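I opened the model to look up a few things and kept these notes as I went.

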Amino acid sequence: MTERSVTINNRAGIHARPSALIVQTASKFPCKIWLEKGSDRINAKSIMGIMTLGASFGTVIRILTDGTDEDAAADAILHLFETRFEEE
Amino acid sequence: MEEKQITVLDLISLELKEQNALNLHCMGGRAGLSRPIAVPDINRPGLPLSGFFESFAWQRLHIFGRGENAYLRRLEEENNTESLRKFFSFPVPACIFTHNLAPGRAFFEIAEGSGCPILQTDLPSSELTSRILRVLSDLFAPETTVHGVLVEVYGIGILITGDSGVGKSETALELIERGHRLVADDVVQIRCVNGSILDGQGANKIIGHHMEIRGLGIINITTLFGVGAIRDKKQIQLVCSLEEWDPDKVYDRIGIEEKTTEILGVRVPTLEIPVKPGRNIPIIIETAAMNERLKKMGYHSAKEFNHNILRWLESESARAVYFNRDDYL
């Protein structure tokens, strides 16, 4: 199990396009990937799940991965957050 | 999971429908609205008001009905506020007055001084008691979220689970097309009510009843299929777990043994359904729902079938024994 923590930096928060990007990235890895906000945990391979999370600007999100390539997966997702989903 | 904190303000601002409405509003002690409600229970404070404080359940919500209010008036006439002061020396979460009753000035002063909110409702005490207990047990019900789709098929609430990309949403879409109802897609919030009933609903009302279909994107089920195709909440009565067909795995061929999944301590009947091109999953799920209804009515297809076979085998062997006897006639 690998864990990373990140704060959402893009103003619009995680709306449809960033969600799609996360899901696309997550689906490339066979390991299990979750996103956590507070006590809510959702599957990062589910687009509706990510949008339901309601992650707005400034929210702290934990990325959890478990499986064969968990480190690479966590870094790839983290990279998306850090580059603000290629927005702004 | 971190513990949920429910405050008095949460209780007042709950949006409840007619027969559940508590009609609460705040009469005084507004500052105390942030007080937490720690236990899902109520108390009639007759004994503490009369000065008896042993085993005083101060953590509960205190309901003042006509009797208590009349007693408060008497105390006030006698200028006796000792028991009231002692009552409010405990951090009681809130005092609720029924029948639109209101306490006297002394009560307000002492309660507000201690930071205890005073609420009022137009309901009679017994009605408020039964409603508030129901609401509280709902609020305090254990909760979890699962990844899956919840649909209602022929009146049976079915939770379709499985890995991403196995075809849960597509299956649900076909079921909706065939006249069944969607409760929640992808994120299903489950509550255990009464310790035995699992209620499932969408995690978010605003973006509920949408689905993501690969190749199509996000679709709105309500506007596409109408309000007849959706439902807000449904008890989970069956779990259908979809999985890629694994040639090495043994799948149930008879259906006499019943598998279950444990959700929040409740065991739900479970079917493992292997997915393979050419297998029409929605029809299998429809049939599973009807079969489940039959079971609830007391008819178990697989058991009944086996029972008939056993009876037939028995009569056959009896006949063989009978006819092969040497001294037969």
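Predicted model: local features only at pLDDT ≥ 70, side-chain atom pairs only at ≥ 80, totals over all residues.

Residues are numbered from 1 along each chain as its sequence is written, and chains are lettered from A and ligands numbered from 1 in the order in which they are written.

**Helix H3 of chain A.** I looked up helix H3 (residues 70–82) of chain A, helices being DSSP runs of H or I of at least four residues and strands runs of E of at least two, numbered from the N terminus. I found Ala73(A), Ala74(A), Ile77(A) and Phe81(A) buried, that is, with 20 or more other C-beta atoms, placed from the backbone, within 10 Å of their own, where 12 or fewer means exposed and anything in between partly exposed. These residues lie on the same side of H3(A), because they cover an arc of only 95 degrees around the axis, taken from the directions from the helix axis to the C-beta atoms. The face turned away from the buried side carries the exposed residues Asp71(A), His79(A) and Glu82(A). I also noted that Arg84(A), which follows H3(A), has a positive phi, near 55 degrees.

**Chain B.** I counted ten helices and 17 strands in chain B. Of its 329 residues, 29% count as buried.

**Contact of the chains.** The contact takes 13 residues from chain A and 13 residues from chain B, two residues being in contact if their C-beta atoms, placed from the backbone, lie within 7 Å.

Key:
Expected span 1.5 Å × (residues − 1).
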